[in-house]
Structures are given as C-alpha cells and as structure tokens.
Amino acid sequence: MKRFVSMLLFMSLFFTMFATVGQAAEVVPKLFLNGKLLTSAANPQIIDKFTVVPVRTISEGLGYQIQWDNTSKAATVTHGTNVIKLKYNDKTALVNDKTVLMDTSVAIIKGNALVPLRFIGEQFGLDVEWNNTAKEVHMYEHLSEPVDPIEPAEPVVPTALVTDVAYNGDSTLTMSYEGTMKANKPLLLDNPKRVVFDFPNTGFITLVNGQAVIDVTDSTYLQKVRYSLFSNTPSTVRLVIEISNDTGYVLTEDVGTFQLKFMALTDVPVDPTIPVEPPVVVIPTDPPPSKDVFNIVIDPGHGGTDPGASSITNKWEKEFNLSVALKMKALLDKETKIKAHFTRTGDTYPSLDDRVKFAENLKADLFISIHANKGPATATGAETYYYKDNSKALAAVIHKRLIAATKIKDRGVKKEAYKVIKQTTMPAVLIEAGFLSNTNDVKMLYDDAAQNRIAAELVAGIKEYLKVK
Ligand SMILES: [Zn+2]
C-alpha cells in the first residue's frame, strides 16, 4: 500500500528545513521558480540555521531589475514602484524605505549576494512548496486560474474515475476514486484565496458535466469546495477549495483516496512524515475569571538591532515603544493584584518567537504589544489590532483608552495576523499609537506628557478589563 504525505505552505513560513537536509545528507538543495530550475554560481546555503538564496538569480528570474553597487556592497531590487535595498553584512533591508529585519545578514558567496529565503518569499510575494523527497524548494508567483480548458489532445481513456467528493467535517476533504489518479501541481490563487488541483486523465462516475459545490460552514480554514469536469480532451477533473488566510494543509494519498486536511499554517508539521494532530487550543473565557494576582505581559515592539520604523524627527520607533512601556512599568509596579512582565526593559531585541514563548511560559492573562506606525505623510491616527476571538473585548477596552490618551484620529480596532497576537493563546492586542511619518502625530508620540497619558490610560484599560480596583 502506497502512502505518502506531502505538505504545502501557502505563505513563506519556515525555511530552516534545509538545515537538517544539508547537514545529514549533504544534498545541495535545488531552487525552482515557477517550475523552472534556477542555476547560480552560489547554491542555497545554510547560515545560522536559515536558508539563504542568491537574490540576483531570483530577481532576474522574476524579471525584476537588480543593481549591485560594488563600492558600497549594496543591491537595489526594483519591481514596478517597489524598491528593496540590501547591504552586505547588514541584517536590515529597506523595503520602500521601511526597515525590515531579516533572519540573517546579507552574505556574499562566489560573487553572489545571498539573502534569507523567508525574506525573499515575503517581500516578493511568492508561495513556496518544499518537496522533501527531492530536496527542492519551489517558489511560485501568484498565477491566475486558467480560464480556457487545456488544449485538446488525442482522446485518452481516463485512468481514474472519481466516485465521491466529501467534506468529512473537521476541515478535512476526501476525494475517492477508482483507478490511477495523479494531481498536477496545485495552483494557489487570490480573490478569493483558493487552491486548485487538476487531475488529468480523470473523470467522474456520475457527474457528467457542470460542477458541484459543497458549502462548508463549520471550518475556520475552508469555506467552499467546488469540483467539475474541467475538460473532456483529455478528461480532466478540477477541484477548487476556497480557503482562509494563513491556511495550510497536509495531503494524504492512499489507494483510492486523496485527502486534504486544512489547518492553521502554523500547525502544518515541519516534518511532513509525522502524522498531523493539530494542538487543541483552549480559548479562555472572556472576561477573565477573577484572580488574586494577574500576570500580564507588556511587549515594547522592536529594540536592539531592530529599530522599527524611523520617524520624520529622526527618532526610532523602538525608543517610543520602550519609553511608554517603562512608564507603564512604573505604574504597574504599584499594583498589588497585577504582576507585569516585560519582553524587554532595555534596548535589546527578543525575537518574535521569544516574545510569544515568554508570554506562553508565564501563562499570562493578557498581552499588549506597543508600536507606532509609518505611512504616507497624510496618514494619521491610532489603531488597535487583535487576531483571536478571545482578544476582542481586550482590544475594545484598550483602544478606547488609546484614543482618549493620544487624542488623535480613531482608526478603529482591526483584525490582523501579527505573530505576537496570533501565536499567543491569551487575549492579546497590538497598538499602533500614531504615525511617525505625520508631523502632528510624531510631536505627540515623543512628548513626555503624552507618553505619560498613554501609559496611564493603558494601565487603566488593563485594570478595567481585568476588573481590578
Ligand atoms: Zn512596530
């Protein structure tokens, strides 16, 4: 009985897989772009456990312009109006003038600048598929679903007939068939976000023409499934699954079944040979039960080597974030029913993973990450982000306080999958207290009295939420 599990990432999530591959078998990983093998004098390498790839090779493969200045050892990648600047030995990149911290510094090997693959995937908007058997990374641009059926070829008798397509609940979809069936490489498409499988030389036992739709109502990860006989020449079955953002899946193929289990991207197992049992996430009830002492985490964003956004007054975002956090600390230290913990109290850079682990290990009752925004000069206002349903109430309270303190435009409460508020399990919010790129906002953000107000209102919001007198 043949059984294998393969995995696919819809977003560039982790690229450290090479580490084990490279060390164990000395296999040189191959890099493909849109199915085409990319060749370069410099192969992908592992640096500090992160995979780095030749930026020129990928840029040129995508048709982006890349310029290398040998004096300053700096590369500029231009794609339409997007400009990415990278510098040798530098861990920060400038993406449209915004600082982005990469996993490792830019390296030069055999005359090629090598840049972390994760950065490339995220900034170039590529989907990445890891083929563990062949030790290959496939990068794909977002393509559009072909509208025209595949060109007619010689009539071929289907080698497989689909007998059933069923949603099994629990975000699992099973296609049953007779014969020999093989899917083409799936396409990942946007608007709506969906994954498309074509099965050439495959037909249906009963569905002769047209298409069938399964509306899924009980899954966080998939919304709708449709399948059809996409072409008669040759007979091709198309399966389209509409999915949520940040969704991944594990494909399990067995004799007569093609099964897809959808899950949060972060739950897709690193080792595709390990069977999948996504962790059970217990969402605490909201508001929190009363306690003698609440443990809370305050997370001043960025720090150390990661300065965050720059302001028009030449100060860094990390300075604002820390200053407000320390003012909160002074207030929270006086509280007897709240024990506040800080992801940093100096100019250091705990990684996002460190911050999540810090809060999880403490089993903190709530988590607040402090940031300031950057955008066009006219953009102004404060906003509060949450991601999980259990964080909505906290977001509402904190945002109300933030607006009272900053006295700038109310940009509202928004949902976004920022790592620190997504991967933590307790109620967690991230505030953007104003725009460092706006004259009015920035004056307020670095004003001592305004920072005192923000700290005091946030602490008041925490007490209100926790129902602490
Ligand atoms: Zn920030």
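Biologist: In strand 30, which residue is the bridge partner of tyrosine 385?
Modeller: This is a predicted model: local features need pLDDT of at least 70, side-chain atom pairs count only at pLDDT 80 or more, and totals for chains, interfaces and linings use all residues. Residues are numbered from 1 along each chain as its sequence is written. Strand 28 and strand 30 run antiparallel, joined by three bridges. Tyrosine 385 is bridged in strand 30 to leucine 430.

Biologist: In what sense do strand 27 and strand 30 pair?
Modeller: Helices (H or I, at least four residues) and strands (E, at least two) are DSSP runs, numbered from the N terminus. Two strands pair if DSSP finds at least two bridges between them. Isoleucine 368 has valine 429 in strand 30 as its bridge partner. Six bridges link strand 27 and strand 30, and the sense is parallel.

Biologist: In what order do the six strands of the open sheet with mixed pairing stand?
Modeller: Strand 26 and strand 29 (410-415) are the edge strands, each pairing on one side only. Strand 29 pairs with strand 28 (residues 382-386) in the parallel sense over four bridges, and threonine 384 faces valine 413 in strand 29. The order is 26-25-27-30-28-29.

Biologist: How many residues of strand 30 are buried?
Modeller: A residue is buried if 20 or more other C-beta atoms lie within 10 Å of its own, exposed if 12 or fewer, and partly exposed in between; C-beta atoms are placed from the backbone. Strand 30 (428-435) is among the strands that helix 9 lies across. It is mostly covered, with buried residues numbering eight of eight.

Biologist: At about what angle does helix 5 run to strand 25?
Modeller: Axes are lines fitted to C-alpha atoms, for helices over the stretch in contact, and angles run from 0 to 180 degrees between N-to-C directions. Contact needs C-beta atoms, placed from the backbone, within 7 Å. Helix 9 runs at about 150° to strand 27. Helix 5 (residues 352-362) lies across strand 25, strand 26 and strand 27, and its angle to strand 25 is about 175°.

Biologist: Which residue of strand 12 stands opposite alanine 107?
Modeller: Strand 11 and strand 12 (residues 112-116) are antiparallel over three bridges. Opposite alanine 107 stands leucine 114.

Biologist: How many contacts beyond four places in sequence does the model have for residues 1-25?
Modeller: pLDDT is the predictor's confidence in each residue, from 0 to 100. The protein chain averages 82, with 84% of the residues at 70 or above. Over residues 1-25 the pLDDT stays under 50. For that stretch, the contacts beyond four places in sequence number 60.

How values were computed: Contact = placed C-beta atoms within 7 Å.
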